[in-house]
Amino acid sequence: MALFSIISNGLRSLFRRRRMEGELEEELRGYAEDTVQEKIRAGESPDEAMRQARLEMGSVDALKQDVREVGWEATIESFLLDVRFGARMLRKNAGFTIIAVLTLALGIGANTAMFSVIEAVLLKPLPYSDAGKIARVGSTRLNQEVSFGSSSPPDFFDWRDQNRTFATMFAFYSTEVALTGRGEAQHVRELLATAGIFSTLAAHPILGREFRTEENHMGADHVVVLSYGFWQAQFGGSPEAVGQTIQLDSQPYVVIGVMPEAFRFPLSGSDVYVPIGFRDNVMTQRGAHYLYVLGRLTDGVRVAQANEDLKGIMAQLRKLYPDKDAKWDVAVAAWSNVLVKDVRTALLVLLAAVGLVVLIACANISNLLLARATTRTRELTMRRALGAGRLRLARQVLTEGLLLAVLGGATGLLLAHWALNAIVTFGPKDIPRLGSVTLNGSVWWFTMWISLGSALLFGLIPALRSSGLDASGLVRSSVSSPREALKLRSWLLIGEMALSMMLLAGAGLLIRSFVGLRAVNAGFEPTDVLTIDLSLPNARYNTSQALEMYWNQAMARASTVPSVTAVGAAYPLPLSGDDCSSSFDIVGSSIPEKDQPSARIRAASPDYFRVMQIPVRHGRGFTDADRLGAPRVLLASSSAVRTFFPDGKAIGRILHFGAHCGQEKNEGEIVGIVGDVLHDGVDSAALPTFYTPLAQSGLDSATVVIRGAGVVSQSQSARKLLQDIDHQVLVGEAVPMVDLVDGSLGQRRFYMLLLGAFAALALTLAAVGLYGVISYSVAQRTQEIGIRVALGATRGEVLGMVMRHGMQVAGVGLLIGLLLALALTRTIKGLLVGVSTGDPITLGCTAAVLLGVAGVACFLPARRATRIDPAVALRLD
Amino acid sequence: MSPKSEKLQGIVQGTLDMLILKTLALEPMHGYGIGQRIEQISNGVFRVNAGSLFPAFWRLERKGWIKGEWRATENNRRAKYYLLTDAGRKKLQSETREWRAQSTAIARILEAERGEV
């Protein structure tokens, strides 16, 4: 039969139910009359005929029910009936309902929020057409762990031109420039790329044209493609913008195009896109690693094939250029994977953790339902005796669960909405796409499924138990199941305790490693230090003299801020995310070029070390005499001395550096040794570092650092002072150094807070569950306890007896949880610093917390047990 | 268990449907009559009670093989007569064909003697 008629027949009978019931009744009456007539005709007395007819037909109501159950609509009807009945039951037990719905809402809400985060960060495809084909190509150190570093232009050109697996490939790097010539200098995010960017990202300008390959040459590179937002802000969205000129760092750039509104590259977005203008001698710069490379795979090519392809090319390059490429390799991976490499494990661990929370919530509700099922035994047995099938009863109990799940799910969505707002506002900024988290369609689906799943999970055991009731149980009025139910409930509780213990242990380890990290000395003192980035337009500051003069002026001006004790400047600043390194050779030691060591390079003013409180350990620090024209000098960090001068004799040695970070080749004599700084954060290692005087560096951007009690609160006036020197200079926001330190721990704090919250939630739920079960067992045993007291049991004995049961449950759960924790905390090993996964102190403390909470949860009902008056208890029932 | 069927226990649902269709193929009939007719024709082998008949009517009507119509009976009582529809007639034919084929096959198997195979 056609689906249509199945549906229409069903609907018709649903709507004409009343008429059809009437017809059926009449039909049955006629049938009964005929039967009676027939019997009378066969010679029975009318009474006897009636009796026999009734016997033969059986219960008319049951018969009607049988007829009704033909067709799908009957299932819906009985479901609606169940829903109505269930709703009535839930309303009648408002206390139970509120607790169950809240418990579920917390579990489901936490899961929904966590899933939304994972959906936005890990699952949602990148916002480019056919983004799965975009692969990251990165230089890596030969035979070392893959870590997708930057690449040199010649390597990039060779990969691009020789590969057989990529359709297109491009290189890029980003920087910040000043938009000048339009009032106050403005900060602009600039992305420099090769011409392949448009075809690789499959994104094209809505206005104007793309870069041409020949524009990737110095001199031809002064063209710019605008982002949609920049176009709107600067040109009011006028199509006339194309062909106009804008000043970036005081250089003219011709606008050639505008990108679509939705286009963002990188994911955080850029304001302008400019071609990289390579110098003519670019092919000689094989050692200059500063480009990031992305490619679009040819149709049908897998990442692994591309990886092999490029590794083959790189093997050739190693042979061709042993001096520069000998230690380099290349790796290819899906871009989306590389982006989330660091956060994936943490987010998945958190998702697993909330999964456990919802399991605990389900166990709790299951427990509550079981407790209620025991009191409802009579009702259910009665319905069974009246002819309700086992399946029908189980369905009824499951429907009640479903109602709870729907209410819990809806409330959970609301909680998740709030949680996500908080996550977007306060979450760490370095998790890609965390800011774009929303409750979208797939999250709704997830919430629906997890709600239904929980309904099944917590409804199943009670449903099975209720359907297993025997109608004959009604006769024996005291059903023997409570004790058995208590055992079942104890097992559920043990499970809850074990899961809580696991989560607590994980959270404890994260907290301990976070606290440990906060205490780590990064090699400088961030308190009372304000930092301001400065970037000079190089058209105006095109000589080293002009630069030196500006830096001196800026530091002098900054020291006029009240209560300032020292002002310095440096580039790059620790925790700024910027870094700079160069290879060098040591005069007097003959090292072939390919084996040249490399180290981090910083430029710093004399007082930088005073502001940051980086100690000068040997020799001298920089002085104002180390200026342009004076002999070039260097400071070495302690770890640089350890690494490159094992004999400790560093002072007086002369080093030659290659070109790096805007500095020309230069040399210098080591005049002092300073303390190590953890440049990339307290969880990073101290790297060998050399400092050059800022005045001798010729750098056109640096960060001014200002120390003074309370200087942090004067950030605006400090910034204004610097702006007033020259309005063409790009003056960044004034950021307290402590904020940079906090930001560097942002991800860790985020993970710690979330896992901590989940663990606390789990423990609370488990404690409430424990409290409920013990209270219930006390209520059940009121008589028994009364008898014991009457026979002379002391309060202490009663207290101990009740507590023992609860603490046994908690203890067994704790042991199981401890074992699970030992087995599973390995998954968060990557998130721990300075703490082993089986850290006895952490595990001991969390176990103590769990036992303490369990103790309180048991003590409250146990105390109630001690107050049982035997006379009252014995009179019960 | 509700007292549903005594003699019909061995009859599969589909078979009862076929018997009802066949009865209605002879002439339109009301519920009681159909039960009587089945009992008569089968020489009392099948005694179908109301508990089986009415759900079956409902089912067949839902499938569109029979349809109900209120008419007056010979004793002038209003009763719901069931009529075979075209679809029902077709269904009966195909069912009958299949039944014949099956029963012949089963009979042959049951009566098979040694050496015959």
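Relative accessible area sorts residues into buried (under 20%), exposed (over 50%) and partly exposed in between, with a 1.4 Å probe and protein chains only. By that rule A:Arg390 is partly exposed, with a relative accessible area of 44%; A:Arg390 lies in helix α15 (residues 390-426) of chain A, helices being DSSP runs (H or I) of at least four residues and strands (E) of at least two, numbered from the N terminus.

This is a predicted model, in which local features need pLDDT of at least 70 and side-chain atom pairs count only at pLDDT 80 or more, while totals for chains, interfaces and linings use all residues. Residues are numbered from 1 along each chain, chains are lettered from A, and side-chain values use heavy atoms, without hydrogens and water.

The C-alpha atoms of A:Arg390 and A:Leu414, 24 residues apart along the chain, are separated by 37 Å.

Rings of Phe, Tyr and Trp (its six-membered ring) pair if their centres lie within 6.5 Å, and count as stacked with planes under 30 degrees apart, edge-to-face over 60 and tilted for the rest; over all chains this gives 31 aromatic pairs. Two edge-to-face pairs are tabulated below.

| Pair | Centres | Planes |
|---|---|---|
| A:Tyr128 and A:Phe265 | 6.4 Å | 65 degrees |
| A:Tyr550 and A:Trp551 | 5.5 Å | 70 degrees |

A:Tyr128 lies in the loop between α6 (94-123) and β1 (134-141) and A:Phe265 in the loop between β7 (251-258) and β8 (272-275), so the pair ties together parts 137 residues apart in sequence. A:Tyr128 is buried at 7% relative accessibility, and A:Phe265 is buried at 0%. Likewise, A:Tyr550 counts as buried at 1%, and A:Trp551 is buried at 3%.
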